[in-house]
Amino acid sequence: MAGIQIGGIMSGLDTNALVEQMTKQANVSVDRLKGQLSYKEVEFGVYSSVNDMMTDMSGSLLSLKLESTYLTKKVNSTNSAVATATATTDASIGSHSIKVNKLAKNSEAVSSYTKVGIVTAGANVTKITGNATESLEGKHTVTVSVTGASKYLSTDVFEVQNVGSVKKQAGSTFSNVDANGNLTADVSGQLTFAYTDSDGNAQSVTINGTFGTTGQDINTVSTNIQDTLNTALNSAMGTNNVQYAAFRADFNSTGSTWNFSMYETTIANHNITFSGTDAGTLRNEIGFSESTSPSVSTSTKINKYHLANTASDLQNKLASSTAGLIPGATITQSATITTGTFVFAQDASLKVSAATYSTYVSDTVTAGTLNLTAVGLNNAGFSVAANSTLNGSFTINGVSITISDYTKLSVNDLLGMINSSGAGVTASYDSTSKKITLQSNTSGAQSITFGDYTDTSSIFKLLKLDTTSNTIYTKGSTAGNISTTSPLTGAGLTTYPYSGTFTINGVSIYVDATKDTIQTVLDKVNKSGAGVTMTYDTSSDKVLLKSNSVNPITVGAATDTSNILAAFNLTNNATTTKTIGQEGTRAAFVVNGTTYVRDTNVVSDVISGVTFTLNSESNETTTIDISVDPSKGVKAFASFIQNYNKLMDKLNVPEKDDNEDDYTTYLADSDKESMSESDVADYQEKYELYNGYDVVRRSSELRYLKTNIRTSFFEERSGINSKINDMSDLGIKVAGAGDLTKEVYGYMVTISTDYDEIVAALEENSTFMNALQNNPKDVYTFFSNSSDLDVDDATSAKEAAAMQKTIKNETGWARYFDTYVLKTYTDSISGIIGNKLGTNGTLMSFMNNLDTKISNQEDRVQQQLERYWAQFTAMEKAIANAQSQSSALGSVTSSK
């Protein structure tokens, strides 16, 4: 209606009220149609909800068709620290014993070929270069002095790094040597050494040969014995370039005597000793006779001596490639060597220089003199009074140390306790500064931590290492200063790198030293087919190669043109193929009494369907139990039952309530005018609820659905030939079985739609749980079986019909329920409900028709309204004209 209509001005009639009343009467038919549409919308919502519920049921049936739902195995290990396992659905139920004798370990190698570099020049020595023939690392302090006999003596104090301390076994005096340390007789024969291998087994190796000849320096003997012994031990233990022992010739300047000493790193702890009665007299000759026990001590230093009549002779001895200061290295002097001191580093880092150690230095611990040997810390003279609070535990680097009675400990005892605790530090006292020092046993940026919340001893306060004291912490530094992002030629490598090819495990790799960086070299190696992973450790300044297998790692080839592997200290000869590092070991284990050897700790070819993971070696037998895991079956079936019961809940509408009719009528706009917003919302909610109930009560499809779905639930699957033919064989019943007032609702398992409640009810169902645990394959077949028949193979309609019947009988319950029950309702084309909801379905078509009728009727009402206003307007105009004419006549009459 266009514009504002105002009537009744001339006629005096309430035209607006009349038109409104007539319009309301005309809208009765529109509201009736809208009421029909509103009811259909509720009906559409009910059917859509039911269809969605059945779709959810169909989705939950998927898990019931899967083999993994029933045949998944649960694996338990009696000692998971030793071995664990996983099992596929094919694994048999049972127990298996496993004993892990040896774990597999991939081969690996680290930069180990040591180079030397001058740190502090002195005694006219300005430079030291080259590869050392031994792999011990540390700092050499060499002092050249003149002895009382006017001889030149070189004393090399080698502070060994990264191996903890060294155990020294000193032999008795060696007699076949002159005053200058030159041999007076050949040194040859056979030596046998006992040792403990990495598995803790007692072993031995024998070496023999001529280790020195008359006139050679005594250090020739120690070097040759050292090299021959380490070669034998590396071969026996499957390693390469590992230094298990060091030999040195010790000089006693007081008596001008010499003796041999053997050093072993305590971190390896292979307990290397002379053993047996060897042929000949070599063992006795070098001072380690069977009847005499060597002198044993522990230190962090190894000494080496050279003695000569003149500085020139000493210089020649130090330069010897076998018996010299550093065999394999070259010494450069500005002039003939003289008295003085020089310092150089020997290590396998990429940048050779002297590494430092992290240290904690305490505050001054005494005002007087500290007595290191007095029994009782209370008698030592500490500034802080010693008392019973010292008893208890204290922690260094996470290692707990306990003081039982401080009155029975000397300061030396306390320092010894710390040093032998395994905390990775060495504690010492400086009588000059009167301070305690704790130094990390490993060079580089190693941290030292004090204390733990479980500590009960106040020892740190006594030693002035507590937080209230003025302690000094110095962080250690690595030996190198390497850039991983600069070109190799500018990365800071001790050995200048060249472009070309290098070889790892027979695979050739190219490097451009002017463009590639350490990182790009790592990337190239790791992406190659060499079967190794190469990494760079910034804290140790070394390169690590880890093989992808137990096979040994080889480097170098005659055709190689780059020396990058030598620059990385992985080899001392880039053009010679050699095996490096620790060769991998194969796993050795016993399963069910049979011994197996494998290259990996993850083993899947011993027991069908079972994969063992070996975690640690043990003398004890571990049991692996394999059983069915029923939890998946319970959860899958509970999910289906939850959706099933939700559908039953939807279809179980209550009987009609007397108050329902008050809310089932469509609420027209005109009805809402006299109602509040809350009243309208309440009415609409009840309107949809009660009309929804009405739809379910009236719907023959939904009544049939409820009956059909309950009947189909217990459909017998006789064609499967399983021990389980229907749901009752699984112990599944209608909820409330035996109580008709409950059975009528049609819920399954329990009268609930709560998932957890349904799971709990199933777990309490012994028949169901026993079937899942003891007959999982039968349960799987019952739910998921598929027929081998194909209707397309039928040669006639009769045969196809018979075949289809057989297929239906042989179809597992979950497949049957999904295909022959749910999809007959939900299919969008042929489904009883799905078809209603489609674009061209009966419900949608009916609603579209109503929409059209409502639109047409509203147009007619609008047109009728406009006619009413046109008629009233015409009437008003006629009355106005009549009144105008009457006024005119009156004027004429009065004028006469």
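**A helix pair and other elements**

Mentor: In this predicted model, the axes of helix α10 (residues 631-651) and helix α13 (residues 700-713) come within 10 Å and cross at roughly 150 degrees. Because an angle over 145 degrees counts as roughly antiparallel, α10 and α13 are therefore described as roughly antiparallel to each other. The crossing in which α10 passes α13 is left-handed. On the α10 side the residues that meet the partner helix are Phe 637, Phe 640, Ile 641, Tyr 644, Leu 647, Met 648 and Leu 651, and on the α13 side they are Leu 702, Leu 705, Lys 706, Ile 709, Arg 710 and Phe 713. Sorted by class, this contact of α10 with α13 comprises 11 nonpolar, no polar and 2 charged residues.

Strand β3 (residues 94-102) pairs with β31 in the antiparallel sense over 4 bridges, and here Lys 102 has Ala 588 of β31 as its bridge partner. Strand β32 (residues 594-598) is also joined to β31, running antiparallel to it through 5 bridges, and Val 590 stands opposite Thr 595 of β32. The hairpin formed by β31 and β32 has 2 residues between the strands, and Asn 592 in the turn has a positive phi of about 50 degrees.

Another sheet is open, and its 3 strands follow the order β11-β10-β14 with antiparallel pairing. Its edge strands, each pairing on one side only, are β11 (202-212) and β14 (273-274). Strand β10 (residues 187-196) runs antiparallel to β14 and is joined to it by 2 bridges, with Phe 193 having Phe 274 in β14 as its bridge partner. Helix α3 (residues 218-237) lies across β10 and β11, and runs at about 145 degrees to β11.

Lastly, consider Ser 499, which is found in the loop between β24 (472-474) and β25 (500-504). Ser 499 counts as partly exposed because its relative accessibility is 32%. Leaving aside neighbours within four places in sequence, Ser 499 is in contact with Tyr 510, Val 511, Asp 512, Ala 513, Thr 514, Thr 561 and Ser 562. Ser 383, by contrast, is 116 residues from Ser 499 in sequence and 63 Å from it in space, C-alpha to C-alpha.

How values were computed: Residues are numbered from 1 along each chain as its sequence is written. This is a predicted model: local features need pLDDT of at least 70, side-chain atom pairs count only at pLDDT 80 or more; totals for chains, interfaces and linings use all residues. Side-chain values use heavy atoms; hydrogens and water are left out. Axes are lines fitted to C-alpha atoms, for helices over the stretch in contact, and angles run from 0 to 180 degrees between N-to-C directions. Angles under 35 degrees count as roughly parallel, over 145 as roughly antiparallel, 65 to 115 as roughly perpendicular and the rest as oblique. A crossing is left-handed if the near helix is turned anticlockwise from the far one by less than a right angle, and right-handed if clockwise. Contact means heavy atoms within 4.5 Å. Ala, Val, Leu, Ile, Met, Phe, Trp, Tyr, Cys and Pro count as nonpolar, Asp, Glu, Lys and Arg as charged, and the others, Gly among them, as polar. Two strands pair if DSSP finds at least two bridges between them. Buried means under 20% relative accessible area, exposed over 50%, partly exposed in between (1.4 Å probe, protein chains only).
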